[in-house]
Amino acid sequence: MEYAKGKHAYMAVLHAEEGEQAVSWLREKEGRMNQECLEAGICNCRIYIQELEGKDCLFAYVEEEAGRKQAESLFLGKATPFSWHEARQVYEFKSPAEEDLTGLSARGIIIGVKRDYLEEYVRLHDEQPQVIRDLCYENGFRRSSIFVTGLEGGGLYLTQFVECRGEENPALYENETYKEWLKVTGECQAPLPGEHFWKEMKPVYELEG
């Protein structure tokens, strides 16, 4: 499936006890990060931290302005002390209506995906029924991108970067059509230990410009 150009996600696995240092570095260098992102034509950048398999990991979501292609040089170069690698995009939700998308609440969430079921998960989302997209929109979803990445010698993980309007309506999860969608996609997923669904990641940086 074709996805909107200019959207990227990156993952960096940190060494032991580097998680707090990484968070401190991002906070100390926030001004420099903002400047370098804006100069590179990046209009949206959010970074989250999450522990996976005993390792702290950073996840960055990046959007570039049309025609600009410098996110790769910024994140895969030496602009930060972290070793990033790019994730594969597997889904995109776009608002079906033209509307003002300012003031949305943004979050990053994560869940494991069974290695043997990854392509089935991708197929299901490529063929996602319009009724599911409509239900998501009615529940406040306006923008969402899902990427897959993994740990070397470890598991695969889906990271979803979501922007919503308003609070989530619990009634969505009582809708029979949506419950069936969660059932078939859930067979492909592997929640993190102690979780039953997607887990919220901790935000540590957001571009301000």
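This is a predicted model: local features need pLDDT of at least 70, side-chain atom pairs count only at pLDDT 80 or more; totals for chains, interfaces and linings use all residues.

Colleague: What makes the chain as compact as a globular protein of its length?

Modeller: The chain has six helices and 11 strands. Its radius of gyration is 17 Å, and the globule rule gives 17 Å for 209 residues, so the chain is as compact as a globular protein of that length. Along the principal axes, the C-alpha trace spans about 50 × 40 × 30 Å.

Colleague: Which share of the contacts joins residues 24 or more positions apart?

Modeller: Among contacts with a separation of 6 or more, 79% are between residues 24 or more positions apart. As for burial, 49% of the 209 residues count as buried.

Colleague: Why is the largest group of buried nonpolar residues called a core?

Modeller: A nonpolar core is defined as buried residues of the nonpolar kinds listed for it, joined through side-chain atoms within 4.5 Å. The largest such set has 26 residues, and the members that touch the most others are I42, C45, I47, L58, F75, F82 and W84. Two or more residues come from each of β1 (7–13), α1 (19–28), α2 (30–39), β2 (42–52), β3 (55–64), α3 (71–75) and β11 (202–206). A second core of 25 residues, which includes I111, V113, L118 and L172, is separate.

Colleague: Which residues does I47 touch, leaving aside those up to four places away in sequence?

Modeller: I47 touches L26, M33, L58, F59, A60, F75, W84, K202, P203, V204 and Y205.

Colleague: Why is K29 called partly exposed rather than buried or exposed?

Modeller: Buried means under 20% relative accessible area and exposed means over 50%. The value for K29 is 30%, so K29 is partly exposed. This residue lies in the loop between α1 and α2. K29 and S95 are 66 residues apart in sequence, and their C-alpha atoms are 34 Å apart in space.

Colleague: Which residues and elements form the lining of the largest pocket?

Modeller: The pocket has a volume of about 310 Å³. It is lined by 21 residues, of which F141, Q160, Y178, F197 and W198 are closest to its centre. Elements that give two or more residues to the lining are β5 (88–94), β6 (105–113), α4 (118–126), β7 and α6 (176–186). The largest share, four residues, comes from α6. By class, the lining has 13 nonpolar, six polar and two charged residues.

Colleague: What lines the second largest pocket?

Modeller: That pocket holds about 250 Å³ of space. Of its 14 lining residues, C43, N44, E163, E206 and L207 lie nearest the centre. β2 gives the most, with three residues. The lining divides into six nonpolar, four polar and four charged residues.

Colleague: What makes the remaining space a cavity rather than a pocket?

Modeller: A cavity is a set of points where a 1.4 Å probe fits but cannot get out, whereas a pocket is open. The count comes to one cavity of 30 Å³ or more, and the largest cavity has a volume of about 30 Å³. K7, Y61, E63, R143, S144, S145, F161, V162 and E163 line this cavity. The cavity lining divides into three nonpolar, two polar and four charged residues.

Methods
Residues are numbered from 1 along each chain as its sequence is written. Side-chain values use heavy atoms; hydrogens and water are left out. Buried means under 20% relative accessible area, exposed over 50%, partly exposed in between (1.4 Å probe, protein chains only). Contact means heavy atoms within 4.5 Å. On a 1 Å grid over the protein atoms alone, a cavity is a set of points where a 1.4 Å probe fits but cannot get out, and a pocket is an open set with protein on both sides within 12 Å along at least five of seven lines; lining residues have an atom within 4 Å of a point. Grid points are joined across faces, edges and corners, and a volume is the space filled by probe spheres set on the points. Ala, Val, Leu, Ile, Met, Phe, Trp, Tyr, Cys and Pro count as nonpolar, Asp, Glu, Lys and Arg as charged, and the others, Gly among them, as polar. The radius of gyration is taken over C-alpha atoms; the globule rule is 2.2 Å times the number of residues to the power 0.38.
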